[in-house]
Amino acid sequence: MSENQVAVKVEHVSKFFKLPTESTHSLRTALVNRFKGIKGYKEQHVLRDINFEVNKGDFFGIVGRNGSGKSTLLKIISQIYVPEKGQVTIDGKVVSFIELGVGFNPELTGRENVYMNGAMLGFTTEEIDAMYDDIVEFAELKEFMNQKLKNYSSGMQVRLAFSVAIKAQGDILILDEVLAVGDEAFQRKCNDYFMERKKSGKTTILVTHDMGAVKKYCNRAVLIENGLVKAYGDPSDVANQYSLDNAQQNVIEDSDNGNGALNNNFEVLVNNLRVELLTKNQIVPGREIKFRISYDVLKDIKTYIAFSLTDIDKNIWIYNDNSYNYMTTGDGKKTVIYSCKIDNLNFVKVQLQVSVRDSNHNMLAFANSENSPTIILERQDIDQNDFSESDSATGLIQRNGQWEYQNV
């Protein structure tokens with residue numbers, strides 16, 4: 001794409017902050033420390049060689065866990081911070097809302113706050129005059145604009161701040177975590193506005209933890225992790241990568257050998273439990289899910305495998321199976337391959353949770369976080385809103401899988 005079609009170009013941007021490690025009120029001590037090479041601070045690197053482009057007309061998403069560097073990056077794009085290395089090139093007027101309501105004065109009226117906020121954004125009085133009616137109409141606060149802001153409810157203040165954010169007539173709109181504002185009716189209104197803006201060809205940069213919003217509004221996105229670009233491009237791929245990473249972070253860490261929560265007073269009868277997903281971790285509902293389970297039995301005992309596919313968001317089983325009808329006998333390495341399908345669900349993250357049990361159904365081992373694969377079931381050609389509550393995970397899916405033992 002030609003340069004004149006690029007709204008924001010981020011090139012090799014790096015940023016660090018100096019965190020003091022000691023304080024001294026003595027000039028002599030400071031000089032001695034400097035002579036010894038003791039700086040008195042450490043560098044916290046927040047961004048490391050960030051590169052991406054936002055094209056004109058993009059609805060561009062920036063995602064990442066807390067502390068990944070997203071907000072710092074926005075402040076650099078908004079020219080609040082200056083990067084240590086690299087540069088950001090902007091083509092157009094930026095309207096940046098890093099935090100709703102920043103700069104509002106509770107002692108001023110709603111009308112006065114709109115004009116003051118507009119001036120802070122770089123608009124002239126004439127430009128704010130042209131935008132004023134749209135801002136008030138969207139906020140639905142016409143009767144209250146001559147009242148002081150301190151007399152507004154918190155919801156009214158949020159609506160006014162958000163209306164200024166989205167109705168300011170800039171070339172590039174930057175929003176940081178401001179989608180979940182107002183009541184249900186106002187959120188529907190905001191949703192309609194974003195859908196219109198997406199179609200209008202205006203450039204928007206959105207930072208959010210809501211992966212549904214990324215998939216719904218954005219046409220491109222970037223995932224920032226530990227100050228680096230981890231994924232960049234298709235919003236569904238970026239959002240799914242974020243969801244997978246987040247799910248793995250939230251799994252409870254267990255023991256190193258896969259034998260979780262077993263009391264040290266008990267004899268270890270099974271170890272080296274391994275779970276390997278043989279199909280992709282992002283699949284269309286109804287496609288085959290296939291995985292291999294292997295473990296070592298240390299004594300001549302009977303064992304079987306029990307597992308579940310658990311909805312991570314709702315923390316309920318949506319599919320489970322066990323092989324107590326296929327009990328293995330004897331010691332040695334045991335390997336089994338399982339395949340199944342999950343229909344009638346969409347936009348669901350599930351985790352494969354596996355355990356090994358004996359003939360009395362006692363748990364001998366269960367898979368730790370590294371052996372609990374996460375699977376995203378998503379069909380992108382169907383809108384999430386087309387699925388009713390009955391389509392979501394409210395109970396167990398009918399069992400349809402096949403066990404294939406390789407060592408019995």
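## A buried phenylalanine

Phenylalanine 59 counts as buried, as its relative accessibility is 2%; the cut-offs are under 20% relative accessible area for buried, over 50% for exposed and partly exposed in between, using a 1.4 Å probe and protein chains only. This is a predicted model, where local features need pLDDT of at least 70, side-chain atom pairs count only at pLDDT 80 or more, and totals for chains, interfaces and linings use all residues. Residues are numbered from 1 along each chain as its sequence is written, and side-chain values use heavy atoms, with hydrogens and water left out.

For the record, rings of Phe, Tyr and Trp (its six-membered ring) pair if their centres lie within 6.5 Å, and planes under 30 degrees apart count as stacked, over 60 as edge-to-face and the rest as tilted.

The pair links distant parts of the chain, 135 residues apart: phenylalanine 59 belongs to strand β3 (residues 59–63) and phenylalanine 194 to helix α6 (residues 184–200). Helices (H or I, at least four residues) and strands (E, at least two) are DSSP runs, numbered from the N terminus. Phenylalanine 194 is buried too, with a relative accessible area of 2%. Both rings sit in one aromatic cluster formed by Phe59, Phe138, Phe162, Phe186, Tyr193, Phe194 and Tyr217.

## Charges over rings

Two tyrosines have a charge over the ring face. Lysine 15 is over the face of tyrosine 81, 5.4 Å from the ring centre, and arginine 111 is over that of tyrosine 132, at 4.7 Å from the ring centre. To qualify, NZ of Lys or CZ of Arg has to be within 6 Å of the ring centre and within 35 degrees of the ring normal.

## Isoleucine 224

Over in strand β8 (residues 220–225) we find isoleucine 224, which counts as buried at 1% relative accessibility. Its C-alpha atom is separated by 5.1 Å from that of glycine 64, 160 residues apart along the chain. Leaving out residues up to four places away in sequence, isoleucine 224 touches Ile50, Ile62, Val63, Gly64, Arg65, Ser68, Leu73 and Val229, where contact means heavy atoms within 4.5 Å.

## The whole chain

Stepping back, the chain has 8 helices and 20 strands, and 46% of its 408 residues are buried. Of the contacts with a separation of 6 or more, 74% are between residues 24 or more positions apart.
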